[in-house]
Amino acid sequence: MGSTTSAPEPTAESPDSQTKITPQDIASSDGISELKLSRDGSRVVYTVAPLYKAGDNKVSALWLADTFADESARQITLGGHRNFSPAFHPTSPSQVYFLSDRDEAGGVAHLYTITVTDRDSLDTKKIDETATPVVELGDRQGVSFYSISPDGRFLAFILDTKTSKKGEKEKIEVWRENVNFKTLNLIDLTDKSKSFRNLLSNQTSHVDTFSWSPDSSSILYRTISHNDIEAQAEPTEEYVVSISTGEVRKVFQYPQQPRGATIWRENGKIAMLQAASPSELISATCLWSRQSVQGVGSERTAYGESNDVNRIGDLGVKSQFAVEVHDGLITKLDVYDENDQAFTVFQTSVDYAITLWDMVLTDDGKYVLVVTKSSTVSGEIENVWSGVGEPGKDCVLSKKLSSHNAWFDTKTPPDGDAFYWTASDGEKMEGVINYPKGVELKNLPTIIVAHGGPSSRDTLGLGFTCSRWRPYLASHGYLVLSPNYRGSTGRGDKFTMAANGGVGGIEWTDIEEMIQEGISRGIVDPNRIGIAGYSQGGFLSAWGVTRPNNNFKAGVIGAGVTEWGMLAATSDMPDVEAALGGSGPWTPGKPTYLKGSPLKDAQYAKAPILFLHGKNDARVPLTQAIGLLRGIEREGKTTIPPQLVVYPREDHGFEERGNAEDILKRVLDFLDKYVK
């Protein structure tokens with residue numbers, strides 16, 4: 001156990017090996033985020049950032065594309081600072097607002113605006129230099145969220161005042177003490193003084209998010225008790241504040257934080273996403289609505305039987321909004337009109353996936369859509385695409401707007417397919433397989449890579465990070481099986497709820513039966529099977545290598561759960577972890593969390609095991625890895641001592657390029673040594 005060491009220098013490779021995807025390729029890749037269309041649908045602005053930082057601070061740049069022109073994406077801010085969260089002014093596709101730490105690299109984010117006119121006159125450096133502060137803030141005051149009123153006159157934002165400044169010595173603090181509340185503030189964009197006013201007074205909670213009324217007269221906002229993730233599992237209150245009078249009235253209370261934005265429609269109705277069972281932390285996400293902001297109740301509108309919802313988005317006019325529906329391996333975008341009639345505007349095929357999207361309804365009744373699209377079937381890395389749809393006619397993605405990550409053009413991507421099997425209880429199961437391009441799909445060395453979450457799913461998209469190993473390992477000679485086990489999204493509430501206090505049960509049976517299906521088809525070599533995963537996938541790896549009579553040749557446990565009671569007591573999401581494990585250590589009665597804890601079964605570990613963990617992981621603390629490692633050292637049957645690699649300065653999600661490269665190199669070297 002210790003800090004990360006540098007990855008060995010690469011040796012000379014054959015021409016064929018040079019087309020494989022390397023740790024350096026992935027660690028130096030750019031990621032796309034925060035797509036935002038102009039109100040007229042003519043332009044899209046988005047953020048591009050290195051997946052991993054090479055220096056002390058994160059950096060990112062804004063890009064802009066003409067929605068109806070192929071390969072029109074171009075950079076509009078420099079990438080020397082963190083420029084992010086872009087949005088157009090509602091009445092102008094030329095005026096872009098965004099957040100940036102350009103006042104102090106790595107410091108708090110302030111709000112800026114730039115004007116981007118004709119494409120032919122674009123000069124990134126000149127545009128970047130014209131960035132103008134929208135409001136004057138102090139060096140400890142940062143903006144965490146903002147939104148411009150529908151009429152374009154006002155801008156509201158959440159102000160987060162830090163107790164200490166970047167670089168200052170840490171101070172003694174009281175655990176979860178509310179020193180500074182996150183406040184809701186307003187700017188009149190017609191006022192050149194750049195002054196702002198706090199819309200609320202005598203706060204006793206934090207403003208978490210908000211949305212404008214359609215007539216721009218009021219704001220609907222939600223609060224949380226503390227400025228942390230733990231508070232999102234607690235009851236949440238919703239209020240309306242008048243921007244002219246300052247009158248505040250409470251309109252609703254949720255048993256826990258809704259999952260995404262609240263949409264305030266022109267017809268007065270409220271639409272939001274909540275758990276199918278609102279009091280359950282582990283439950284499928286569904287569409288809910290209230291009749292008005294004065295309503296005392298809400299009702300479940302749609303989804304949750306055989307599918308679920310991931311995101312909701314306002315289309316800007318006529319009370320219409322869109323929801324992203326996960327239906328097995330398919331993603332749909334359903335639109336609800338002013339009469340609450342729903343219709344599908346866009347749907348993926350099983351052969352590709354979308355990750356991000358934005359949509360607007362234009363004045364001529366067309367739905368303009370932008371997405372990030374990728375495919376492991378056709379070998380396409382993620383880029384921005386657009387299309388136009390209308391009621392009764394599905395949108396087709398017809399314009400490819402960007403070409404990020406040009407390194408991918410020189411590589412040979414792995415193949416991928418959907419994979420289906422029937423569980424022993426009759427449930428129809430699905431997942432994804434990846435394998436090297438051009439090889440016979442027969443008797444291949446196989447790695448089980450289960451996704452994290454567990455409220456997530458694998459699709460036929462093509463994505464790379466230092467913790468998503470599926471396409472990376474496939475490009476290096478492995479067949480990779482990735483099951484959408486019970487507990488995953490996309491299959492409805494009953495399917496998702498299988499993880500509620502049931503980890504280490506039916507989902508593990510699903511994984512075992514996927515392996516057996518692969519063996520029976522002759523594609524899996526039963527004598528060369530390993531398991532690797534990160535987060536919840538790391539838990540499943542730990543669970544797999546501690547099963548009695550398991551035959552895994554190696555296991556990689558990335559930030560994996562090994563003891564659910566200890567996790568509930570130490571994680572930044574204690575209530576969610578207790579729900580997954582079945583109980584917390586504070587729960588009276590029998591400690592049911594032990595049922596799904598790999599640590600109690602350390603005696604059955606016999607394969608070589610590699611633990612990978614961020615030193616500062618708050619979601620799954622480092623003690624989870626240390627606990628199982630100690631158990632295996634004392635009780636396990638392995639002849640190869642387990643190894644724990646600890647990455648400095650890293651939380652649950654890795655940030656540093658050197659650490660990202662190292663983790664990818666170690667995973668591949670380890671599996672090549674013990675599985676191939």
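Strands here are DSSP runs of E, at least two residues long, numbered from the N terminus. With that in hand, hi everyone, let's look at this predicted model.

I'll start with the second largest cavity, which holds about 30 Å³ of space. Which strand gives the most to its lining? That is S13, with three residues. Strand S13 covers 206–212, and strand S14, at 218–224, also supplies at least two lining residues. By class, that makes two nonpolar, three polar and two charged residues.

Now to the packing. The largest nonpolar core has 51 residues, and Ile448, Leu481 and Trp564 are among those with the most contacts inside it. A separate core has 36 residues, including Trp407, Tyr478, Phe670 and Leu671. Back to Ile448: beyond its sequence neighbours within four places, its contacts include Leu481, Ile511, Ile529 and Phe552.

Last stop, lysine 20, in the segment before helix H1 (23–27). Is lysine 20 buried or partly exposed? Lysine 20 is partly exposed, because its relative accessibility is 26%, and buried would mean under 20%. Leaving out residues up to four places away, lysine 20 touches Asp25, Lys411, Ser475 and His476. Lysine 20 also lies 9.9 Å from leucine 473, C-alpha to C-alpha, though 453 residues separate them in sequence.

Thanks, everyone!

Terms used: Residues numbered from 1 in each chain as written. Predicted model: local features only at pLDDT ≥ 70, side-chain atom pairs only at ≥ 80, totals over all residues. Heavy atoms only, no water. Helix = DSSP H or I, 4+ residues; strand = E, 2+ residues; numbered from the N terminus. Buried < 20%, exposed > 50% of the residue type's maximum accessible area, 1.4 Å probe, protein only. Contact = heavy atoms within 4.5 Å. Core = buried A, V, L, I, M, F, W, Y, C linked by side-chain atoms within 4.5 Å. 1 Å grid on protein atoms, 1.4 Å probe; cavity = no way out; pocket = protein on both sides within 12 Å on 5 of 7 lines; lining within 4 Å. Points joined across faces, edges and corners; volume = space filled by probe spheres on them. Nonpolar A, V, L, I, M, F, W, Y, C, P; charged D, E, K, R; others polar.
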